[in-house]
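Open the model in your viewer and keep the selection tool at hand. The stops below say what to pick next and what is there.

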Amino acid sequence: MPVNTVSRPLSTVELDALVGTIRSALVSDVLDGMGLRDQCLAPGLLPVDGELTMVGYAYNTMARLVDAVPDVPYIGLLDALDAVATDDVWVVSSSSDAALWGELTSTSVRARGVRGTVCDGYMRDLRMVRDLGFPVFSRGTSPRDANGRIEIERYSGVIEVAGVPIANGDLVVGDDDGVVVVPSTLILEVVSAALEKASAESEFRAAVAQGMKPSDAYRQFGVL
């Protein structure tokens, strides 16, 4: 089942540059201004490393609850790991208390150029994942293996993650403030506006640091 067949307007080099310049709060503000006020994943998804920023294209996977160990484990998960592409962000969600993500999956996708993982559930191998320098967001940790508890497979449709519908190819931005999702058709418009807002915030910051009243700076630069 093919996924991520939509156009990708930002190249790897451009995504690399955004990691150092864009923030989830800026993106959220821009989306708010467009009337899209529910694009932030519900609070509680925490980064393994708050110093890392994640910017990439959603790669959706489906997690099904099961109650028995299969004869051949991890079939769907291994297929999804083989199919994930450079610049993807792995997205998975489950109510299970077993770990949806860990160090070996992080190592596997990192080697394929994946930019991070959004795990709306639990992960394990926390210290090892942190040592990789690979962005992962999760609800917490659990040592319980997914085998016999969850079946994970790639999914071409829209999934709801922490209250936000996510389609393959949407832009996912995550940092220490949280995770926000940009619909694929709006990526260039939203990113451009977010970078403009970042520039205006820098001007506001410099102005008030030099003594300008915040109200005057707001009137001049239009940000706060």
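**First stop: a buried asparagine**

Select Asn168: this residue is buried, with a relative accessible area of 8%. Remember as you go that the model is predicted. Asn168 sits in the loop between strand S11 (164-166) and S12.

Now show the polar atoms around the Asn168 side chain. One of them lies 2.8 Å from the backbone nitrogen of Asn60. The backbone oxygen of Ser156 is 3.4 Å from a polar atom of that side chain.

**Second stop: strands S12 and S13**

Move on to strand S12 (171-175) and strand S13 (178-182). A hairpin of 2 residues joins S12 to S13. The two strands pair in the antiparallel sense, over 5 bridges. Pick Val172 and find its bridge partner in S13, Val181. Then pick Val173, whose bridge partner in S13 is Val180.

Colour S12 by accessibility. The strand is mostly covered, with 5 of its 5 residues buried. Leu171, Val173 and Asp175 are on one side, Val172 and Gly174 on the other, and both faces are covered.

Is S13 enclosed or open? In S13, 5 of the 5 residues are buried, so the strand is largely enclosed by the rest of the structure. Gly178, Val180 and Val182 are buried on one side, and Val179 and Val181 are buried on the other.

S2 and S12 run antiparallel and are joined by 4 bridges. Tyr57 stands opposite Leu171 in S12.

Select Trp90, Trp101, Val109 and Ile152. These residues have the most contacts inside the largest nonpolar core, which has 22 residues. Strand S2 (54-65), helix H3 (75-83), strand S3 (88-93), strand S4 (99-101) and strand S9 (150-154) each supply at least two residues of this core. H3 gives the most, with 3 residues. Apart from this core lies another, of 20 residues, among them Leu18, Ile22, Leu186 and Val190.

Select residues 187-209, which form helix H6. H6 has 23 residues and reaches 33 Å from its first C-alpha to its last, close to the 33 Å expected. Past the helix comes Gly211, with a positive phi near 110 degrees.

Which residues of H6 are buried? They are Ile187, Val190, Val191, Ala194, Lys197, Ala198, Ala200, Glu201, Phe204 and Ala207. Show what covers them: the list includes helix H1 (12-19), helix H2 (24-33), S2, S12, S13 and helix H7 (214-221).

Zoom in on Lys197 and Glu201, whose closest N and O atoms are 2.7 Å apart. They are 4 residues apart in H6, so about one helical turn separates them. An α-helix has 3.6 residues a turn, so residues three or four places apart point the same way. Lys197 counts as buried at 15% relative accessibility, and Glu201 counts as buried at 14%.

How many salt bridges does a search of the whole structure find? It finds 12. Two further pairs are worth a selection each.

Start with Asp16 and Arg115. Their side chains meet in a salt bridge at 2.6 Å, N to O. Asp16 lies in helix H1 and Arg115 in the loop between helix H4 (103-110) and strand S5 (116-120), so the pair ties together parts that are 99 residues apart in sequence. Asp16 counts as partly exposed, at 44% relative accessibility, whereas Arg115 counts as buried, at 12%.

Finish with Arg139 and Asp120. Their closest N and O atoms are 2.8 Å apart, and the two form a salt bridge. Arg139 is in the loop between strand S7 (136-138) and strand S8 (140-141), and Asp120 is in strand S5, so the pair ties together parts that are 19 residues apart in sequence. Arg139 is partly exposed, with a relative accessible area of 28%. Asp120 counts as buried, at 12% relative accessibility.

Technical notes. Residues numbered from 1 in each chain as written. Predicted model: local features only at pLDDT ≥ 70, side-chain atom pairs only at ≥ 80, totals over all residues. Heavy atoms only, no water. Core = buried A, V, L, I, M, F, W, Y, C linked by side-chain atoms within 4.5 Å. Buried < 20%, exposed > 50% of the residue type's maximum accessible area, 1.4 Å probe, protein only. Expected span 1.5 Å × (residues − 1). Contact = heavy atoms within 4.5 Å. Polar contact = N/O pair within 3.5 Å; in protein donor to acceptor, adjacent residues only side chain to side chain. Pairing = 2+ DSSP bridges. Salt bridge = Lys/Arg side-chain N within 4 Å of Asp/Glu carboxyl O.
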